[in-house]
Amino acid sequence: MTRAQSSRVAPYLYVLPLVALLLFVFGYPLVRIFEFSFKMVRGIDGPWIGLRNYELILSQSLFWEAVLHNLQLLLAIPAMVVISLLVSVLLYERIAGWRFYRIIVFVPYVLAIPIIAVVMKRMFQFNGPVNEILRWLSLDFMALDWIGSSDVALWTVIILIVWRESALGIILFLARLLSLDESMIEAAKLEGASWWQRVWYIILPQMRGVIEFYVVVSVITMLAAVFAYVFIIGGGRGGPGTSTVVIEFYIFNALIRTSLPGIASAASVLLFLVSVLLIFPMFRARRRAREEEA
Amino acid sequence: MANRRSSIAAGDALKQAVLLFSAFLALVPTLFMIMTALKSEEEYSIDKLGLPNRLVIENFRAVLVDSPFLSWMGNSIIMVLGSVLLSTVVSCLGAYAIACMEFKGRHGLLALSTSLMAVPPVVMIVPLFVLYTRLDLISTYQGAIIIYAGLITPFSVYLLATFFRTVPKELFESARLDGAGHFLILRKIVLPLSLPAIMTLIVVNSLYVWNDLLIAIIFLQDDAKRTLMAGISVFQGRYNDQVPLTMAGMVIASAPMLILYIVFQKHFIRGLMAGAIK
């Protein structure tokens, strides 16, 4: 082989392992979920049955309940944004001890979700420490059955999600803040602008992109990446009752517990289509976040 | 003027208070976990909030002796090492070609790979589970390692390709003139210059694999192959009423990452801040 020929082939050899890996872990499954979703799969394959799987899940109340729960989790996002903004702006002002605080407020993101969920589950038990503190503060009406009541369990999941995912927001926002041009803020300070004015008129407008990015990423998380939270809090069953069943858990259940890959695939297709819709805003937000920084 | 200064001081105190409170909230579960792990069952049933009276080590002994924590941890370490190594090698080669070589489809490949970052892992599990069942790959290390490696690769390629592009082109040109091949350039010039980016990758990807529950619970079902996260989800159900014992388990389970975080703060913080933009 001549040198010119080898240099024409070489790039393809370099990307070959990458392409093979992505085709196996993403390509193959993404093609197959569509195929399986139109089949009655028993074991490894089965006959085509048209839209029956879709008709079945769309007429199932458990599926819609799961969808509703995912949508309810979106309520965590405004709280996450406000908390992350507040803490990251304060860290950015380099308040005495900010390096120390920074190490600590990142800790929730370093701890694994299952571990945190197990710990919080014990803290929020009916006769656990959280309720003990609430009773001690004479807030008995707030001392709910956080884990065991089907009306409350999903809200406990939300509290847990806000607690952990805010750490990601702080990390993101702080990274953006540290790249801000400080001269404007200094000038505003000299002009006598108050803290609120500086945050509201100078800092926040420059953070639009990164906030947007965080919101889109969080939407994807709430719709499709909360399995570990609900698996632990819901005791592996989405409980109490079906009160913490989300789409991921619905797919897990259909695949592992009831062995219906066709049904699980149809639900996966629907979830995939939603995530495709979110890919475009995500890219746009990321581009804008990076343009801000440049 | 004096008035204004005192209002600034009051503002600073308020800011301190907010940060202190946030830091406290961020630490509460960790503190609760450690304090409770050191109590006996009786003490916890009477006093859930106070400091432990006298430190009880028994819970830790019970966890380590009666539950396969160490073997779960070993499995998690195998998963992290295997998948992060595989993904890093594959991504370095691929990202090098995308960033530094001319070929048809390089932009398309990067865009496609990058967009896979937004696809939730749960979408991929059904066909892989069916395929693995047929190929007898359920509960095998190699099977799970490939899935983990695949899931973390789009981010690795994205980060590395972005980084490789910043390596000055003149360095390549002169190396090529000296007759160096691509592989030599990648190994001797690009990789050493990209060490910070690779460290970031290792931090972010190891955290992902170590902390994952979904893949672990579906693809490593054998007791002997369970990872730490899948293991503790079983463990916590079994000892539901023994809170101090459970907390001792959680302290052991979280210790490796917490210790790494404290020792390698700088890398973690840099890695998390760079990795967050993914």
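A nonpolar core here is a set of buried Ala, Val, Leu, Ile, Met, Phe, Trp, Tyr and Cys residues joined through C-beta atoms within 7 Å. Keep that in mind as we walk through this predicted model.

Let's start with chain B. Now for its overall dimensions. Along the principal axes, the C-alpha atoms of chain B take up a box of roughly 75 × 75 × 35 Å. The radius of gyration of chain B is 24 Å, whereas a compact globule of 278 residues would come in near 19 Å.

What about the packing? Of the 278 residues in chain B, 46% are buried. Take the contacts in chain B with a separation of 6 or more: 77% of them link residues 24 or more positions apart.

That brings us to the largest nonpolar core, a set of 179 residues. Which members touch the most others? They are A:Ala117, A:Ile171, A:Tyr229, A:Ala267, B:Tyr96, B:Tyr148 and B:Leu213. Within chain B, helix H7 (residues 141-164) is the top contributor to this core, giving 16 residues. Domain 1 (2-58) and domain 2 (68-238) of chain B each supply residues to the core, so it lies between them.

Ignoring neighbours within four places in sequence, A:Tyr229 is in contact with A:Ile113, A:Ala117, A:Val157, A:Leu160 and A:Ile161.

Definitions and conventions:
Residues are numbered from 1 along each chain as its sequence is written. Chains are lettered from A and ligands numbered from 1 in the order in which they are written. This is a predicted model: local features need pLDDT of at least 70, side-chain atom pairs count only at pLDDT 80 or more; totals for chains, interfaces and linings use all residues. The radius of gyration is taken over C-alpha atoms; the globule rule is 2.2 Å times the number of residues to the power 0.38. A residue is buried if 20 or more other C-beta atoms lie within 10 Å of its own, exposed if 12 or fewer, and partly exposed in between; C-beta atoms are placed from the backbone. Two residues are in contact if their C-beta atoms, placed from the backbone, lie within 7 Å. Helices (H or I, at least four residues) and strands (E, at least two) are DSSP runs, numbered from the N terminus. Domain bounds come from an automatic or database domain assignment.
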